[in-house]
Amino acid sequence: MKKNKRSKVRKAVFFDAGGTLFRVYPSVGYHYSQAAGRYGLKISAPDAEESFRREFHKMAQDGSRSAHSSQRNEKRWWREIVQKVFIVFGKIQRFDAFFEELYALFAEPEVWRLYPDVLPVLRKLRDSQVRMGIVSNWDLRLLTLTRKMGVDPYMDFVLASALVGSAKPDPAI
């Protein structure tokens, strides 16, 4: 059988970001608790974590993919989650400043940890000449995170839904 150069198989792997390549460290609740304390509200990390998981799940269940369709919508979505997380614990002094601090914090690599097998797997795939990319319902902070965490050199592209204006599972992304 004669090989056709056009029939060459191209391999590609697309990754999600959070929960696939990296995770919050030590926890969302920890960072929320620490920030809340600086703004006059004492709350334990486990309580903040539980409230976050509950509210995040509710917001995700609403299925509002449009929340991830622009940087502005994404930030508004996160602001709503943060408001709902803390409303049960009391008032945060200077909520706008508090939210901006939290939002900026989660753009920093110190808040995240790569899973231990990520870099070895990415190296192996790169050595096998597999094309790789990240496709994630995320805001523009993803681009900074992947660069600062050392993931960028392995990726052919990093695609955040807020950048594209469309979120998974919409085929437009």
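Predicted model: local features only at pLDDT ≥ 70, side-chain atom pairs only at ≥ 80, totals over all residues.

1. Residues are numbered from 1 along each chain as its sequence is written, and side-chain values use heavy atoms, with hydrogens and water left out.

2. The largest nonpolar core holds 45 residues, and among its members Phe-22, Tyr-32, Phe-86, Phe-98, Trp-112, Ile-134 and Met-155 touch the most others. Helix 3 (residues 71-87) supplies the largest share of this core, with 6 residues. A nonpolar core is here a set of buried Ala, Val, Leu, Ile, Met, Phe, Trp, Tyr and Cys residues joined through side-chain atoms within 4.5 Å; buried means under 20% relative accessible area, exposed over 50%, and partly exposed in between, with a 1.4 Å probe and protein chains only. Helices (H or I, at least four residues) and strands (E, at least two) are DSSP runs numbered from the N terminus.

3. Ile-134 deserves a separate look: leaving aside residues up to four places away in sequence, Ile-134 has contacts that include Phe-15, Leu-21, Leu-142, Val-151, Met-155 and Leu-159, contact meaning heavy atoms within 4.5 Å.

4. The model has 17 aromatic pairs, where rings of Phe, Tyr and Trp (its six-membered ring) pair if their centres lie within 6.5 Å, and planes under 30 degrees apart count as stacked, over 60 as edge-to-face and the rest as tilted. The pair of Phe-52 and Trp-78 is stacked, because the ring centres are 6.4 Å apart and the planes are at 5 degrees. This pair links distant parts of the chain, since Phe-52 belongs to helix 2 (residues 45-61) and Trp-78 to helix 3, 26 residues apart. Both partners are buried, Phe-52 with a relative accessible area of 10% and Trp-78 at 18% relative accessibility.

5. In helix 4 (95-105), the buried residues are Phe-95, Phe-98, Phe-99, Leu-102 and Tyr-103. Seen down the axis of helix 4, these residues fall within an arc of 130 degrees, so they line one face of the helix; the arc is that of the directions from the helix axis to the C-beta atoms. The buried residues of helix 4 pack against helix 1, helix 3 and helix 6 (141-148).

6. Arg-141 lies over the face of Tyr-103, at 3.7 Å from the ring centre; a charge sits over a ring if NZ of Lys or CZ of Arg is within 6 Å of the ring centre and within 35 degrees of the ring normal. Arg-141 also touches Ala-107, which is buried at a relative accessible area of 12% and is placed in the loop between helix 4 and strand 3 (112-114).

7. Most residues other than glycine have a negative phi, and most peptide bonds are trans. Tyr-25 and Pro-26 are joined by a cis peptide bond with omega of about -10 degrees, Pro-26 being in the loop between strand 2 (22-24) and helix 1 (28-38). Arg-94, which is not a glycine, has a positive phi of about 55 degrees and lies in the loop between helix 3 and helix 4, where Arg-94 counts as exposed at 58% relative accessibility. Gln-129 has a positive phi near 60 degrees, is found in the loop between helix 5 (118-127) and strand 4 (131-136), and counts as exposed at 68% relative accessibility.
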